[in-house]
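Please open the model in a viewer and keep the selection tool at hand.

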Amino acid sequence: MNKLLKKIICGVLCAAAVIPISGSGNTKIAGGDIPTLVWYMPGSKYADIAQVNEAVNKITEEKIGAKVDIQFIDDSAYEQRMTMNMAAKSDYDICFTGYTNKYNEAVEKGGLLDITELLKKETNLMSEIPEYAWDALNIDGKIYAVPNQQTFTQTLGLLFRKDLADKYNFDAASVKTLNDLEPFLKKIKENEAGVIPIRNLKAQYMLGGKYEEINSLSSLVYMKLDGSHKIIPFCEIPEVREYADLAYDWFKKGYIRQDVATVTSDSSDIYQGKYACWGIAWKQGVVAEEQNKMPNIEVVGVNLQNPFMTRHYASATCFGISKNSKNPEKALKFIELLNTDKELYNLICWGIEGTHYTKTSENHIQLAENSGYNPNSSWKFGNTFHSYLLPGQADDLWEKTKEENDTAKKSELLELAFRAKDIRTEIANCSAVSAEYSYLAMGYQDPNTYFSDYVRRMKEAGVDKVAEEAQRQVDEFLKNKN
């Protein structure tokens, strides 16, 4: 763990006896103006957001002396909007940062406040969240966001329609590699008219346990996990070409939908049962979570990779405070409340009891049909270990998730904050080329006709320079770490 961060935690523990946390517990904030914190989140704007926001403010005004204005921005537009907001120094207080509005980049853009000193006053936050999660947010010994506690070890798995798996005596647990799917896909193609055997996947399904993505490089380069720490461009990884060949073979056999090149969104097809098999980001309880999205279709699943914690995953869902916030202390108290107050957290995750959900037990809920508020993504909003459970999710789901986080193998690069400023042009050019060749995962083009051009154009765009800079930073980091 970073030495400065250890000092922060030690300072927190020493100060806990003398520093009161006014936002903790049920403390009533008396007198003074009540500020309204503007909070930007990726997601849809639900019809009942005003009703939920009003209920949220009854809690926050009582406990921290502040109101909150929750503003959802469509996922597809969120990153661009936040880049614009940061550049324009817009007046807001809290924003989501992680898989979108990427953490390292947001810090480099100067959009996030250094909250290292503020964290010393929020003892509940520092003790509530494990050290390895703070490590994954370390940038030169400073912290610029608070991580949401959830699964930090997402891997890749597969889900199957259970009725079809049962019908053809297919054991999902028997799948170890993508090649093991062939007999099942063949039977679906031959016998199930109107069902697409498999949703096209990604080459990353071939990389688990062999390579690690370098955070902030958008899958352009990876590090080999054979002990050599060698950085290799994604386009030169042998398994990437192997997957392109496999996808093309599956496409020719009709296992992948034949209109894959023109379909822009097929999520609804999953929930309507049009696929026999599809990929999923795997985590504890994911089968039950997905089952709740498709109550008329029973599913079974298999995890293809061992839990492995990287900076990319551990920093994927966080809350940062705007560098231009007029109320940074209140903003951090609100973030603390999201992580420690179960009532507030579940209100924001699931809405109002009796309107948007009903409780079926102390910790289980049933979501209302056609609800006016249904984000159904508790991982976005704070500490998921305080979340109500959905039908089918085990009582010990969060205990198992925490255990998996604690015991998972941790990346050697967990604390490496990659600096992209000297290769931004190359990253942009390589990302543009990579987007052009996205069809290598779709299967409808013969890799023999395009793959060499893909590699050539990536090199012309500067992927080797990106790899060289990544290698330099990795080597320097590991040298100093040791």
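Helices (H or I, at least four residues) and strands (E, at least two) are DSSP runs, numbered from the N terminus. This is a predicted model, in which local features need pLDDT of at least 70 and side-chain atom pairs count only at pLDDT 80 or more, while totals for chains, interfaces and linings use all residues. Residues are numbered from 1 along each chain as its sequence is written, and side-chain values use heavy atoms, with hydrogens and water left out.

Select Ser-378 in the loop between strand S14 (365-367) and helix H16 (397-407). Ser-378 counts as buried because its relative accessibility is 11%, buried meaning under 20% relative accessible area (1.4 Å probe, protein chains only). Leaving aside residues up to four places away in sequence, Ser-378 touches Tyr-345, Cys-349, Trp-350, Thr-384 and Ser-387; contact means heavy atoms within 4.5 Å.

Next, display the largest cavity, with about 190 Å³ of space. A cavity is a set of points on a 1 Å grid over the protein atoms alone where a 1.4 Å probe fits but cannot get out, and lining residues have an atom within 4 Å of a point. Grid points are joined across faces, edges and corners, and a volume is the space filled by probe spheres set on the points. Among the 18 lining residues, Lys-283, Glu-289, Ser-378, Gln-393 and Trp-398 are the closest to the centre. H16 gives the largest share of this lining, 3 residues.

Finally, select Leu-158, Phe-160, Leu-178, Leu-181 and Val-221, which touch the most other members of the 72-residue largest nonpolar core. Such a core is a set of buried Ala, Val, Leu, Ile, Met, Phe, Trp, Tyr and Cys residues joined through side-chain atoms within 4.5 Å.

How values were computed. Buried means under 20% relative accessible area, exposed over 50%, partly exposed in between (1.4 Å probe, protein chains only). On a 1 Å grid over the protein atoms alone, a cavity is a set of points where a 1.4 Å probe fits but cannot get out, and a pocket is an open set with protein on both sides within 12 Å along at least five of seven lines; lining residues have an atom within 4 Å of a point.
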